[in-house]
Structures are given as C-alpha cells and as structure tokens.
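Please look through the sequence and the model shown here. The paragraphs that follow lead through the structure part by part.

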Amino acid sequence: MAKTKTYFVSDFHLGQMGVHSSEEREQRILQLFEQIKEDGKSLFLLGDLFDYWFEYKQVIPLGFERFISGLLALKEAGVAVEIFTGNHDMWMFRYFQSKGIPVHKDPIQIELDSKRFFLGHGDGLGPGDLSYKIIKRFFRSRICQFAFGLLHPNIGIGLMKYFSQRSRKNGKEREAFSSFDKEFLVQFCENYQGAHPIDYFIFGHRHIPIRYKLSKSNGEYINIGDSLVHYTYGVWNDETFTLVSYGDETPRILSNY
Ligand SMILES: [Mn+2]
C-alpha cells in the first residue's frame with residue numbers, strides 16, 4: 001500500500017483512568033499505529049500523550065513501555081513521527097529527540113500539498129486564562145526545571161501526578177461546549193494574523209472533535225478530539241482532511257457547516 005497519509009492524533013492521557021483503563025487505551029493506540037505503519041507517511045502527535053511526564057537525565061516514568069516501543073517501531077518502519085508537548089507533558093527534554101523524534105514545545109506551520117497548516121496542542125492560546133499562562137511560563141523556566149530535576153523521582157513524578165489532576169479540575173480544557181464564539185481556540189484562529197494565511201488550524205487539548213469554517217478567512221479550525229473519551233484523529237490524504245472515529249461509538253463532530 002502506498003504510504004501517503006499524514007496522521008494527527010492527540011490527548012491519550014496515558015496514566016489516567018478514563019472510560020477505559022490506560023492499558024486498554026494503549027492497546028487501541030497500538031492498533032492504530034499498526035494501521036499507520038501500513039499507509040502513513042507521517043504522524044503528528046499533538047500533545048498530552050501522557051497524563052503526567054517528567055524525564056530525568058537517567059530516568060523516565062514507568063508504565064508507558066508498550067506505547068513508547070510502539071512509537072519507536074513506527075519510526076523504524078519509516079513513518080516520520082513528531083511530538084508536540086501538551087500542558088500535561090510539557091516536561092519532555094532529550095529523550096524522544098535522542099530517538100530521532102522531534103519534540104515541539106510551541107506551534108509550528110507546515111505545508112502539505114500546497115496547503116498551509118498551523119499545528120499545536122492548543123493550550124495557552126487565545127484570550128483569557130491568565131493564571132494558566134503564568135503557570136506555564138513558570139513551569140517552562142530553566143530554574144524550575146532544574147530544581148525539579150533535583151527531586152527524587154518518587155517525589156518528582158508523584159508531584160507531576162498531583163499537578164496533572166489539579167490542572168484537570170481547574171483547567172479550561174474540559175469545560176462543556178456552549179457555543180463556537182465562546183471557544184478560545186475559535187477566537188484564536190479567527191483573530192490570527194500571521195505572515196501567511198492558514199488553510200488549516202489543527203489542535204487537540206479541547207477533547208471535543210470540531211470542524212469550524214472561519215468567518216474572517218478561508219481557513220478552517222479543526223480539533224481532532226482525543227483518545228480518552230471520543231477516540232478520534234485527523235488524516236490528510238488526497239488533499240482532503242478527514243476526522244476519523246476509531247472507538248466503540250461514533251461521536252458527534254461539532255461543526256458550523
Ligand atoms: Mn491538554
């Protein structure tokens with residue numbers, strides 16, 4: 001089979017108990033990886049793969065072995081894999097890079113078939129949420145990361161689990177959907193003014209599959225949903241973007257067209 005597809009998947013939150021256990025989700029994701037091996041050219045992982053993550057120079061968290069080896073197998077099979085950090089796993093340093101997998105801490109733009117894509121996790125974008133933006137800045141500071149690295153892993157990774165639960169309780173990422181104009185990522189995309197017009201803004205983080213045609217430009221905002229509740233992902237193939245569902249039930253995609 002020709003390898004032509006570009007996949008976008010995010011928000012596995014491995015390590016968190018969901019409708020399905022973390023191990024069950026891992027199994028489903030590994031099945032998806034098998035499919036990507038067959039027809040995937042590249043895979044963009046748009047953040048929050050892990051519900052908590054902190055890597056030391058010599059230590060990575062336990063419990064994600066199968067997922068990580070699946071990811072490396074995909075890479076070895078010739079699929080170009082790139083990772084974005086999310087708000088739950090922003091503390092990735094050299095580990096994945098050392099395996100040949102680029103790690104992006106900020107959104108990037110790419111071109112596929114002459115279309116311009118803006119890719120990111122989606123946290124901290126758009127108006128408001130000032131307290132999160134301040135915390136994010138602190139967590140990303142060298143001094144904070146250095147200090148954290150001095151903690152014994154039992155304490156450090158334990159603390160990460162705690163932060164992760166807290167962020168879930170207080171964060172905007174799981175708020176119920178009320179209307180498109182109240183969505184911070186819709187607001188971000190509508191007001192985005194970069195050097196190049198964007199055809200597709202692709203984000204995760206919101207845990208809701210969304211397709212939204214922007215009103216101020218010809219672009220579209222797509223949220224690829226998650227692999228925690230909805231089991232959805234995005235595929236770019238034959239110059240078409242498709243949101244695909246791979247769970248037990250087909251979720252409703254929120255759309256304005
Ligand atoms: Mn997130």
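Strands β7 and β9 pair in the parallel sense over four bridges; here strands (E, at least two residues) and helices (H or I, at least four residues) are DSSP runs numbered from the N terminus, and two strands pair if DSSP finds at least two bridges between them. Within this pairing, Phe201 has Tyr221 in β9 as its bridge partner. The model is a predicted one, in which local features need pLDDT of at least 70 and side-chain atom pairs count only at pLDDT 80 or more, while totals for chains, interfaces and linings use all residues. Residues are numbered from 1 along each chain as its sequence is written, and side-chain values use heavy atoms, with hydrogens and water left out.

The two strands belong to an open sheet of six strands in the order β5-β6-β7-β9-β8-β12, with mixed pairing. At its edges stand β5 and β12 (254-255), each with a single partner strand, so one side of each is left without a neighbour in the sheet. Strand β5 (residues 108-112) runs antiparallel to β6, joined by five bridges, and Ile108 stands opposite Leu119 in β6. The hairpin of β5 and β6 has two residues between the strands, and Asp113 takes a positive phi near 50° there. In a regular strand the side chains alternate between the two faces of the sheet. Strand β5 has a covered face made of Ile108, Ile110 and Leu112, whereas Gln109 and Glu111 form an uncovered one.

Helix α7 lies across β6, β7, β8 and β9 of this sheet, running at about 150° to β7; axes are lines fitted to C-alpha atoms, for helices over the stretch in contact, and angles run from 0 to 180 degrees between N-to-C directions. Six of the eight residues of α7 (residues 184-191) are buried, so the helix is largely enclosed by the rest of the structure. Buried means under 20% relative accessible area, exposed over 50%, and partly exposed in between, with a 1.4 Å probe and protein chains only. The buried residues are Phe184, Leu185, Val186, Phe188, Cys189 and Glu190, and they pack against β6, β7, β8 and β9 (220-224).

A second open sheet also has six strands, in the order β4-β3-β2-β1-β10-β11, with mixed pairing. Its edge strands are β4 (103-104) and β11 (240-245), each pairing on one side only. Strand β10 (residues 232-237) is joined to β11 by six bridges, and the two run antiparallel. Helix α2 (residues 65-76) lies across β2 and β3 (80-84), at about 140° to β3.

How do these two helices meet? The axes of α1 and α2 come within 10 Å and cross at roughly 5°. That makes α1 roughly parallel to α2, because angles under 35 degrees count as roughly parallel, over 145 as roughly antiparallel, 65 to 115 as roughly perpendicular and the rest as oblique. Among the residues making the contact are Ile29, Leu30 and Phe33 of α1 and Phe67, Gly70 and Leu71 of α2.

The largest nonpolar core has 42 residues, of which Leu43, Phe50, Phe67 and Phe96 touch the most other members. A nonpolar core is a set of buried Ala, Val, Leu, Ile, Met, Phe, Trp, Tyr and Cys residues joined through side-chain atoms within 4.5 Å. Apart from this core lies another, of 17 residues, among them Phe118, Phe184, Phe203 and Leu254.

His121 lies in the loop between β6 (115-119) and α4 (130-139), and His205 in the loop between β7 (200-203) and β8 (209-213), 84 residues apart. His121 is buried, with a relative accessible area of 4%, and His205 counts as buried at 5%.

Terms used
Contact means heavy atoms within 4.5 Å.
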